[in-house]
Amino acid sequence: MSSTLDANPSMLADVVLRDGSTMRLRPPVDGDAADLVGFFDGLSDRSVYLRFHGRPSIDEALVAPVLDPDWAERGALVGAAGGQIVALASFVRLRDMRTAEVAFAVADAFQGRGIGTRMLEQLAGVAAGVGIEEFVAEVMADNVAMLRVFADAGFEVTRVTTFGETEVRLQLQATDTLRAHVDERDHVAVAASLRPFFAPATVAVVGASVRRGSIGGELFRNVLRGEFVGAAYPVNRTAEPVAGVQAYPSVGDVPAAVDLAVICVPGPAVLDAVADALAAGVRAICVISAGFAETGEEGVERQRRLLELVRAHGARLLGPNCLGIAVAGPRLNATFGPRALPPGNVGFSSQSGALGLALLERADERGLGLSSFVSIGNKADVSSNDLLEYWEDDPETEVVVLYLESFGNPRKFARVARRVARTKPIVAMKAGRTASGARAASSHTAALAGSEAAVDALFREAGVLRVETLEELLDVTSLLAGQPLPRGRNVAVLTNAGGLGILCADACESAELSLPELAPATREALRAVLPVEASIANPIDMLGSATAETYERVLPIILADSGVDAVIVLFVPPVVAGADEVAEAIARALDAAPHDKPVLASVISAAGTPAALRRGRATPFAYPESAARSLGRVVERAEWLRRPQGRVPNVADIDREAARTVVADTRDRWLTPEETRRLLSAYRVPLVAERRVDSVDAAVAAAMEVGFPVVVKSALPGAHKTELGAVALDLRDDEAVRAAAERIGAPLLIQPLVTGGVELLVGAIQDPVFGPLVALGPGGTLAELIGDAGFRLAPLTDLDADELVSSGKVGVLVDGFRGSPPADRRAVVDLVVRIGRLAADVPEVAEVDLNPVIAGPDGCVAVDARIRIAPATRRRDAKTW
């Protein structure tokens, strides 16, 4: 389900409606009483009748029950437009505490826009958070619109009609069906809301100055130079013409309806300029100006007021503090960059204006064309999530490129990106990979995790290709934009220089690509056209005597080999051939030879990439290593598309109520061993048997009951036992137990010694941005030193869990390392699924550390467990799409 309104009544929720307009939802307060009375007074007689099943007295007594909701017994939301309340939704908890009665009213002029459905989504999320499992509504049988809202919302619905009234019951569980309905509504609404940015008929540039070099003036001139297909109007206080175009003192004075207003005035003047544009009916606002959240507290407040103003008029906001927007279709260049958008099939979003400019410069040099470029700046409203929604259905966009510095709603990003990536590749560069973060590493899991682990897990889950540098961003994007996906990892390397071929072969191996032996028919055909001294192994070294004609004859032979999935062509200029003629030969060969394989070319020349390569069917690269690395990334995408999508397993034998009882005291603290065992047992996590004792003599007696050899360890909550010397292993008699117990000190835990398996670490943390994250890696005292833990977002799908157990050093250990028997893979998979489910179900669980988990042929068992709980943090902002 999309993120929902927090139970805190001061929180807001912004929603996008079916027609692309927006609405801010908030809890009603005492000061809204008169406005609510006016709202009900303004409803038609029929709307009043359908809401109340009669005609009550409309006064403050009627609206008093919805004011200042406590969210435990009653909840309410109002939606406003133009400063007037136009919608109300509320619930009241019934005697059966699992059920609440819900009701809605929408102003007649605003009905049919999806407001009721959006309010239902929000109320349901809040109600579920306070333990309400079901909404019930009494609806007049002829209230077709309201019945349709309930039927189409995505909840599990039951209906019973008697005496002209229909009782509707909705189960509030956030199912896959509900999430799919909400996501589809978001997609339709968000795409509609962004259309004025991408396909405006009219653009006004506010702050367009006659002065050369001013941002507003140059931006307006860029619009003109780009030959925008619509109408463009400069707006400045003196109405002085700009570049020979009549100007106007305000947007309201422009003699046409304006679709997009680009604001280029000083920060303190932005709100007045935006208010003028909104009053004139503009629904797409792009604020270039700086002076907002990036500048400190005063700027944060100014940005809050700006967004509030935009929301009050149902509009969308790009920026502030951004470079602008350029769209190839309408030839719109509403940026202040020095270069026009090179047209093509790549949609690019950048959170950094400077990096956006750099990429535009390099893209043009590479011959890489863009369908659109959007600088989101502070992303007060429009974000990468929104742009993905729009680009998903945009026929001009075939590849999506994102430069990200932060995430607003990462869970939503994962769902949208996963859907988009099924049809259009997404390449992302995320800044801040080396930041260590401020989290104190209080557990092995926390020490191994970090924000970058969460980002990697998010991208992996969503099928997003993460790149490290601007060069790699351009390389991978160029390959995706111009070539088919490879069927596999088999690569043929064609070169005229042996050393260059070796470098490429090494790079292919680093990218986990294979250079297979060529088919006998291929080798025979190559022998017929190459000198006897040439190597027809892979790499194919044609020697320095190879000419343009040689490349033209050999390349089709290699492409015809069914065992080759991709070809990398290399050339360094010798005396006998030039770069331009070889590039033209490569282009002719590809035009003449039918194939569906990617072809990459690195033609090294002092003059740069030959023009024939930039316009041909081979993707050019500066160096062989760059080509191999990019091909490896594109193979990852091809494999991601082929793999099944996975599903979240239904873990039926868990006791959520028992788990919630353990964490009822949500102070930030480590659980005691007894509490830890109760919480993990509620999720059927396999645990080693243990006895808790409070004296040395009791430790000896417990050891004799458990049976030697035993383990003695501290029972203090959260203790780092190995670091503190608070654990003793393989104790084989009462004297050893007594000595260990005296050294460690009470309270103590006595456990049987578990042997015969590999040591793993299984853990979970609550990332403050990304939510619950599950870790699996090599365990024991060297877990942090060995590293190589894998991470996935919780809850895990069956595929996520299987990949965690199968990959990296964990996969080697589980399969049986150095003669040890393989561990029970299914048991380990089940364990990580359960830990993921626990972390997702109980957000108060801040850290889980099971280290080690002993995994053997007959199952796995956690022999040490530490859990820290803390008050749950809601990871959301006011925007719900």
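In this predicted model, His53 sits in the loop that runs between helix 2 (45–52) and helix 3 (60–63). The phi angle of His53 is near 60°, a positive value in a residue other than glycine. Is His53 buried, exposed or partly exposed? With 25% relative accessibility, His53 counts as partly exposed, because the buried class holds residues under 20% and the exposed class those over 50%.

Leu543 is another residue to look up on the backbone. Its place is the loop between strand 22 and helix 18 (548–559). Leu543, which is not a glycine, has a positive phi near 75°. Its relative accessible area is 26%, so Leu543 is partly exposed.

Here are the two residues side by side.

| Residue | Phi | Relative accessible area |
|---|---|---|
| His53 | near 60° | 25% |
| Leu543 | near 75° | 26% |

Next come two cis peptide bonds. One joins Asn538 and Pro539, with an omega of about 15°. Pro539 belongs to the loop between helix 17 (520–529) and strand 22 (540–541). The other cis bond runs from Ala794 to Pro795, and its omega is near 0°. Pro795 lies in the loop that links strand 33 and helix 28.

After helix 28 comes Gly808, with a positive phi near 65°.

For a stop in another part of the chain, find Gly125 in helix 4 (residues 115–129). Gly125 has 14% relative accessibility and therefore counts as buried. Between Gly125 and Arg24 there are 16 Å in space, C-alpha to C-alpha, while in sequence they are 101 residues apart.

Now for the empty space inside. Rolling a probe the size of a water molecule over the atoms shows where such space is left. How many cavities of 30 Å³ or more does a search of the whole structure find? It finds three. The largest cavity has a volume of about 200 Å³. Its lining is made up of 23 residues, and those nearest the centre are Pro673, Thr676, Glu690, Leu749 and Ala865. Two or more lining residues come from each of helix 23 (673–682), strand 28 (710–714), strand 30 (748–752) and strand 36 (865–869). Helix 23 gives the largest share, four residues. By type, the lining of the largest cavity has twelve nonpolar, five polar and six charged residues.

Finally, step back to the whole chain. It has 30 helices and 36 strands. Along the principal axes, the C-alpha atoms fill a box of roughly 90 × 90 × 55 Å. Of the 881 residues, 56% count as buried. Among contacts with a separation of 6 or more, 70% are between residues 24 or more positions apart. The accessible surface of the chain is about 35100 Å², and carbon and sulfur atoms account for 52% of that surface.

Methods. Residues numbered from 1 in each chain as written. Predicted model: local features only at pLDDT ≥ 70, side-chain atom pairs only at ≥ 80, totals over all residues. Heavy atoms only, no water. 1 Å grid on protein atoms, 1.4 Å probe; cavity = no way out; pocket = protein on both sides within 12 Å on 5 of 7 lines; lining within 4 Å. Points joined across faces, edges and corners; volume = space filled by probe spheres on them. Nonpolar A, V, L, I, M, F, W, Y, C, P; charged D, E, K, R; others polar. Buried < 20%, exposed > 50% of the residue type's maximum accessible area, 1.4 Å probe, protein only. Contact = heavy atoms within 4.5 Å. Areas by Shrake-Rupley, 256 points an atom, 1.4 Å probe, with all protein chains shown as cover.
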